[in-house]
Amino acid sequence: MQIHVVQQGETILTIAERYKIPVQKLILDNELINSAELVPGQTIVITYPSKTYIVQEGDDLFSIARMHNVSVMQLLRNNPVLAGRQYIFPGEELIISYDTHGSLQTYGFAYPFIDTEILRKTLPNLTYLSVINYRALHEGNITSVYDDRQIITMCKEYGTVPLLMITSLSECGEADPTIVYSLLSNEDYLNRHMEELLNAVKEKGYLGVNFVFTFMNTINQNLYNSLIKKAADIIGSEGYLIHVTINPNINTRDGKAVFEHIDYSEISKYADSVTFLQLLWSLHYGPPQPISNAAHLKSFVEYAINYVPPEKFALGKPILAYNWIIPYSPNNPTAFTLTVNSAISLAVDAKVDIQFDEQSQTPYFEYIQSPVGFPVKHIVWFIDARSLAALLDLIQEYNMVGAAAWNIMVYSAQLWLMINSEYDVIKLLPTI
């Protein structure tokens, strides 16, 4: 697998010729939306399958899988263009396998209203899917908004473990620390919380619970430890999985990473896995900055790996973009979210090159917009293939169990192409 950074004057044709790959393959593999007008600084992932197959008359996915001693799920994973299709056609070239060098568990997050086509393309790549639908209330009760029965059923059809994700979000969708402290400081509320979670898991058909911790620090960590122990005693003892997702709250001071030095060993003792991931929502408050900083993330991992064993340690990144108005003002602190493809399209429309920050391993660009006749300057930070490669390199360096993506509501072609060309995705449920 290689990552090509588009240079000034290059076209999809010249890149295809350079790597001796059909143009259409490059476009499909990367799901390029601007193949006719590439942006300097844009990344394109180049892969070379170890085995391919030309579909013959009378073939179907099951017969091809048997012929090559692979699973249908592997065929779907390596050929996302097949998602949701009833038929394959003679003459189509399918990727059977890549020269992978290890295995990896993968963690995704999605709302129940995710587009079905995106879900079908993504589920073959996922070990676990946490469904964003449940939130805690002050007295330990839980509430949900959406009908999640279909997404749970689809997860199991694709051998993906569905997890009930529980957060402390307010009705406005913002993390609410008052709910957390109300719940953690009252034994009766905590017991009620666990019983309601257990009932929801049983009723809906989830296979476990993913607890999201946003406000954990050195002062309250014992309360969170007690929560996970109780979850293991009440929910885990019934045979359900206990996962924890922690926002490490990594900040920058004098150019260095700053984070709470929490002892995660008690949580990792009772949890089946611990995922460290910055959960970013539709709006972001604060000055412009990289979506994720690879150097700072490495500093955090070097600390946290002392408390969470690699076989339980998963690491992730948010796969999105933020658009700020600059110069930044505390009176107008909001950045608006974009998909990665939307960010690239914006660079195309603005006719600007994409820059790259080496420390954070993230791309960015600036542009000027004049909505009412006055020029307004913007900066957009986002994630690209180089950012994802930095994440996967870190996971490999510390032999971690898995990689997480926040979130999968938009299909990330480059992420899954990179993972599938390098790793065998672990499935814990039976698959076809």
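This is a predicted model: local features need pLDDT of at least 70, side-chain atom pairs count only at pLDDT 80 or more; totals for chains, interfaces and linings use all residues.
**Entry 1: a surface patch**

I started with Phe 113, Val 145 and Tyr 146, which form a nonpolar patch on the surface with about 310 Å² of accessible area together. A patch takes residues with over 30% relative accessible area and no salt bridge, joining like charges within 9 Å and nonpolar side chains (Val, Leu, Ile, Met, Phe, Trp, Tyr) within 5 Å. A salt bridge is a side-chain nitrogen of Lys or Arg within 4 Å of a carboxyl oxygen of Asp or Glu. Accessible areas come from the Shrake-Rupley method with a 1.4 Å probe, and for residues only the protein chains shown count as cover.

Residues are numbered from 1 along each chain as its sequence is written, and side-chain values use heavy atoms, without hydrogens and water.

I found Phe 113 in the loop between strand E5 (103-110) and helix H5 (116-122). Helices (H or I, at least four residues) and strands (E, at least two) are DSSP runs, numbered from the N terminus. Phe 113 counts as partly exposed because its relative accessibility is 47%; buried is under 20%, exposed over 50%, and partly exposed in between (1.4 Å probe, protein chains only).

**Entry 2: helix H1**

Next I looked at H1 (residues 12-19), where Ile 12, Ile 15, Ala 16 and Tyr 19 are buried. Down the axis of H1, the buried residues fall within an arc of 100°, so they line one face of the helix. That arc is taken from the directions from the helix axis to the C-beta atoms. Exposed Glu 17 and Arg 18 sit on the face of H1 turned away from its buried side. The buried residues pack against strand E1 (2-5), helix H2 (23-30) and strand E2 (43-46). Just after H1, I noted a positive phi of about 55° at Lys 20.

**Entry 3: Gln 221**

Gln 221 lies in helix H9 (221-234) and counts as buried, at 12% relative accessibility. Leaving out residues up to four places away in sequence, Gln 221 touches Met 216, Ile 262 and Asp 263; contact means heavy atoms within 4.5 Å.

**Entry 4: two cis bonds**

I looked up a cis peptide bond joining Ile 326 and Pro 327, with omega about 0°. Pro 327 is in the loop between strand E16 (321-326) and strand E17 (334-338). The peptide bond from Trp 406 to Asn 407 is cis too, with omega near -15°.
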